[in-house]
2 protein chains.
Amino acid sequence: MEAVTSPHGATTIGCQWVKAFPSKFCDKTMKIARKTKKLGQDDPRRMVHSLKVGLAVSLVSLFYYFDPIYDSFGQEGAMWAVLTVVLVFEFSVGATLGKGLNRILATLVAGALGVGVHCLSTLSGRKGKPILVATFVFIIAVITTFMRFFPTVKARYDYGLLIFIMTFCLVSISSYRDDQVLEMAHDRFFAILVGCCVSLIVCMCLCPVWIGEDLHKSVAANMEKLSNFLQAFGDEYFTEESNENNKSYIQGYTSVLTSKSSEETMANFARWEPGHGLFRYRHPWKMYLKVGNLTRDCAYKVEALNSHLNCKIQTPAEIRGKIEEPCKRVSVECSRALREMASTFLNMVRTSSANTHIESSKKAAEDLKSLLKTNLWEEADLLQIIPAASVTSPLLEIIECVDKIAEAVNELGKAASFRQSNVTVLSEQPHSIHQESIQHGSNTALPVQHCVITVAE
Amino acid sequence: MEAVTSPHGATTIGCQWVKAFPSKFCDKTMKIARKTKKLGQDDPRRMVHSLKVGLAVSLVSLFYYFDPIYDSFGQEGAMWAVLTVVLVFEFSVGATLGKGLNRILATLVAGALGVGVHCLSTLSGRKGKPILVATFVFIIAVITTFMRFFPTVKARYDYGLLIFIMTFCLVSISSYRDDQVLEMAHDRFFAILVGCCVSLIVCMCLCPVWIGEDLHKSVAANMEKLSNFLQAFGDEYFTEESNENNKSYIQGYTSVLTSKSSEETMANFARWEPGHGLFRYRHPWKMYLKVGNLTRDCAYKVEALNSHLNCKIQTPAEIRGKIEEPCKRVSVECSRALREMASTFLNMVRTSSANTHIESSKKAAEDLKSLLKTNLWEEADLLQIIPAASVTSPLLEIIECVDKIAEAVNELGKAASFRQSNVTVLSEQPHSIHQESIQHGSNTALPVQHCVITVAE
């Protein structure tokens, strides 16, 4: 207290602060540098995207430097082109294309409507004109703003409606001062068209990021995460000590629980993308959402299973031991089925190999049920049996979920014309799709480590 | 086939199409009208918002009509003001304020930097200038675009960074043609400031929508939804027939499962809002996310419980009947605790009344456990017992979750200085907070139907 109030104390604190400043500043800088490095390493496409934006903006800024181009564009045109590039250029091709087409279409329609309103209001004379224009502006702004609340419209045309209001207002209001409205609307539309084209060309031609491909990989990665949990579950639950190193690996599934909105965003953008690689235009992106939802349903069951991991101490190991073998089998077979599906799905191959594992898990479930039927625990305390026995109900539900996922994946495979194949399973080593694929920009199919795929078609 | 290929058939189809067109068009129009009506009725604030946008745009368009204002603004200034209003005006005060402040600050900093680059590049002569300017534009665009990937920056300053790139590019590039850069930057900044102010005044003064209040109500409504499920669960599970009418009511909790991203968005916007009503500036919005996460954890358990509803037929009613009483008591007491919390939380009152219910549910859990200890089901088939018995484990976990939620709500209440109170519980009629509150724009505390609150402090 004294140090703060006395002038001497304040000076001391000031000195300390000044002395500490360089080291604090260094710490902060180092921290930011580390974060930046990690961000770049996690997904190198981020760095590439930043460079692409820099390039696109520099390209349109050329319009200012070269007299012939500048003269045909004019100052305002050049400005609109720069503005368009900055606002339209997005990380993925789908998002850039969606925004660009929205912008072009909205500018065209709003410009035409603005010119129409200009012509109409000119008829009403000098005095009536501002009133008529203001009325139109008000009505159009109200209607368009309300339209943005429709969920289906918001998902695809939100940006377009925003640009529509903006362009309509600018064109029709300027008509009050400027009689060259048609020319102005034409120039602006042309500038925006050029800005969109520059963005699209740079976005699509230099290391393009296809959001549809990201969605495809993310759906596969989610299955893989569930598979990781189920692979490890048996060992975690039926042994006394828990492996702390394994924790973050098997807890990966938690991100699946909250992946709904990001998947929906990706699917919305993906619908704008043209065909590329193995993805056609009109690829059935909606069906990815169905697979995603089923995977999430499965993740809820996995979450229920996970809560049993935390309270396994309630049950003595010998009681748990009695159901160990079939439970482990169910869990491992489900894990294999999911991994199989994730891997073949990722490589866009249609196969029924996962069904073998699902059948095995169903057989294990029957064994488990008949084991429970025998009066296995006659002398044991029911209170100790219940936690162990109740592990079986989420496990059995997971089989059903995996079955549904397999069906949906198969349907999707048919709709998207995945290749048909015969698969021979070799080994079951877990490998992380996520690390390799989601952060990988290219379209090439990943090497499949644990199965040999013979394409039969 | 024939009808399509023969000219006569084609004509017939054409005629049919033309005849059917008016009725089809009418159907479509009616459908859209119904949807529009529903959208407006679901949340009347949407209509108000649309009118507010129309008003704000019409207001700034006045700059064009009145000569004195127009002369001081210029055509470009008036255009920037309109553009700002359209782009900045959002549904809630928080979002508008966040975007507006981002835009003002970004324009100020980018304008200053642009003028600085102009001065620096002027020194390098006519030939060096474009190269220097282009280099700066490239570097700034790359760095700023990369900064947008930092999650913390993205959450609050994404729009600001976008405007920063845009303004910097426009100012520094135009400096190549126009030597009045300082004046231009000043004019543009002034126009944007006016645009932001008009948006903010209209947004805040006419029926303001406070997103923080929406978040507050949504967190309470989520607790209420879980409460609804738990209230009905006992009757649903322990009776033979299921009440189909009840289905959508008790399934309300499913929306809680996927509410994470919308809560995060709301919390981010809420942090921009000034104090209003009972909410101070710097209200602990982050703690709402904690309560939201705990509620979601509880919803995952409820999801596990829900899956038992679907497979209750596996267990004969008499077996389920043996644990009916304590199970129902746990579920109902948890439901009451959640409803109590939702209601007092909504009214910003701090009370320990929910704890009474949590204690009761814990007591019921003890009863349930001791019931399971007695060899109640000696002669029954274990396979039939297990599904019924395993209902107990999510139920017991829910008690823990509710306890955690109560703790988090209490902490939040302390941090946000909720009023302390004594509560007398009168009746337990379920009532839907969601319908009344979320879609209700005012800040007045809702009438609490099932408890009398005596404010002590």
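Which helices of chain A and chain B each supply at least two residues of the lining of the largest cavity? I began my notes there, keeping in mind that this is a predicted model.

**Entry one: the largest cavity**

I found four helices that meet that mark: α13 (285-310) and α18 (392-415) of chain A, and α13 (285-310) and α18 (392-415) of chain B. I then looked up the volume, and the largest cavity holds about 160 Å³ of space. Its lining counts 18 residues, and those closest to the centre are A:A304, A:P394, B:A304, B:H308 and B:P394. Sorting the lining by class, I got five nonpolar, eight polar and five charged residues. For the structure as a whole, I noted seven cavities of 30 Å³ or more.

**Entry two: where the chains meet**

Next I turned to the interface. I see 74 residues of chain B in contact with 74 residues of chain A. Between them the two chains bury about 7100 Å², and 74% of that lies on carbon and sulfur atoms. Helix α3 (residues 45-65) of chain B brings 13 residues to the side that touches chain A, the largest share. By class, I listed that side of chain B as 44 nonpolar, 17 polar and 13 charged residues.

How many salt bridges does the rule find across the interface of chain B and chain A? I came away with zero. For polar contact, I noted five residue pairs across this interface, with both residues at pLDDT 80 or more.

Key: Residues are numbered from 1 along each chain as its sequence is written. Chains are lettered from A and ligands numbered from 1 in the order in which they are written. This is a predicted model: local features need pLDDT of at least 70, side-chain atom pairs count only at pLDDT 80 or more; totals for chains, interfaces and linings use all residues. Side-chain values use heavy atoms; hydrogens and water are left out. On a 1 Å grid over the protein atoms alone, a cavity is a set of points where a 1.4 Å probe fits but cannot get out, and a pocket is an open set with protein on both sides within 12 Å along at least five of seven lines; lining residues have an atom within 4 Å of a point. Grid points are joined across faces, edges and corners, and a volume is the space filled by probe spheres set on the points. Ala, Val, Leu, Ile, Met, Phe, Trp, Tyr, Cys and Pro count as nonpolar, Asp, Glu, Lys and Arg as charged, and the others, Gly among them, as polar. Contact means heavy atoms within 4.5 Å. Buried area is the accessible area (1.4 Å probe) that two parts lose on being put together, summed over both. A salt bridge is a side-chain nitrogen of Lys or Arg within 4 Å of a carboxyl oxygen of Asp or Glu. A polar contact is a pair of N or O atoms within 3.5 Å; within protein, one must be able to donate a hydrogen and the other to accept it, and residues adjacent in sequence count only if both atoms are side-chain atoms.
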